[in-house]
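This report describes selected features of one protein structure. Please keep the sequence and the model in view while reading.

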Amino acid sequence: MHPPNGVLRHLCGALTLPVYKMVRIMVAIDYDSSSEKAVNRALADINTEADKLFLCAVTSNWDYLNDEKNAAKLSLYKNESYCEAKKIPCRTIQLEASDIVGEYCSTIAEFEIDVLYIARQGFRQVANQDDLVFWGFSSIKRWITGSIVDNIERRAPCKVIIVE
């Protein structure tokens with residue numbers, strides 16, 4: 001993410017100062033362990049002196065039992081605590097939408113995010129697999145429209161890093 005020696009700007013013909021552009025980094029948080037891989041990758045790439053870190057979870061408003069929302073909230077809390085333990089400040093964002101991909105894209109634009117980290121394994125399961133109606137709907141939608149990760153990669157207005 002950041003250049004090894006910084007970017008040099010020439011001032012007044014004699015003085016050069018290291019200058020670093022702040023990068024806004026977002027990690028898409030899901031409720032499974034793959035989000036931790038994305039967080040670890042982002043933390044490895046972040047410049048703690050200048051960059052801003054956002055952890056964002058968008059859940060479906062079709063989740064009428066709140067299983068997905070509660071699982072995402074717990075995952076956000078765990079990842080936020082992990083960042084705090086590493087002394088890296090972050091901002092958490094939890095949203096609910098019928099169009100998860102669209103909500104991620106609009107949130108990226110709203111917060112002027114430069115890089116999005118997302119785990120390939122995330123966003124594939126429903127929180128409560130015993131809920132056959134929700135599971136069936138999610139499976140059919142994924143088959144027709146593709147995965148959430150693939151759609152975010154195509155539509156996001158920033159660089160997307162997919163963590164395997």
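The sections below cover the basis of the model, its salt bridges and one of its helices.

## Basis of the model

The model is predicted, so local features need pLDDT of at least 70 and side-chain atom pairs count only at pLDDT 80 or more, while totals for chains, interfaces and linings use all residues. Residues are numbered from 1 along each chain as its sequence is written, and side-chain values use heavy atoms, with hydrogens and water left out.

## Salt bridges

Side chains of opposite charge can pair when their charged atoms come close. A salt bridge is defined here as a side-chain nitrogen of Lys or Arg within 4 Å of a carboxyl oxygen of Asp or Glu. The whole structure contains eight salt bridges.

One of them joins Lys78 to Glu36, with 4.0 Å between the closest N and O atoms. This pair links distant parts of the chain, since Lys78 belongs to helix H2 (residues 67-85) and Glu36 to helix H1 (residues 34-45), 42 residues apart. Helices (H or I, at least four residues) and strands (E, at least two) are DSSP runs, numbered from the N terminus. Lys78 is partly exposed at 46% relative accessibility, and Glu36 is partly exposed at 36%. For these terms, buried means under 20% relative accessible area, exposed means over 50%, and partly exposed lies in between (1.4 Å probe, protein chains only).

## Further links along the chain

Glu96 and Lys69 also form a salt bridge, their closest N and O atoms being 2.9 Å apart. Because Glu96 lies in strand E5 (residues 90-97) and Lys69 in helix H2, the pair ties together parts that are 27 residues apart in sequence.

Another salt bridge, at 3.9 Å from N to O, is formed by the side chains of Asp99 and Arg155. Asp99 is in the loop between E5 and helix H3 (100-110) and Arg155 is in helix H5 (residues 148-155), so this pair ties together parts 56 residues apart in sequence.

## Helix H2

Helix H2 has 19 residues and spans 27 Å from its first C-alpha to its last, close to the expected 27 Å at 1.5 Å a residue. The expected span is 1.5 Å times one less than the number of residues.

The buried residues in H2 are Glu68, Ala72, Ser75, Leu76, Asn79 and Cys83. Seen down the helix axis, the buried residues of H2 fall within an arc of 105°, so they line one face of the helix; the arc is that of the directions from the helix axis to the C-beta atoms. The face of H2 turned away from the buried side carries the exposed residues Leu74, Tyr77, Glu84 and Ala85.
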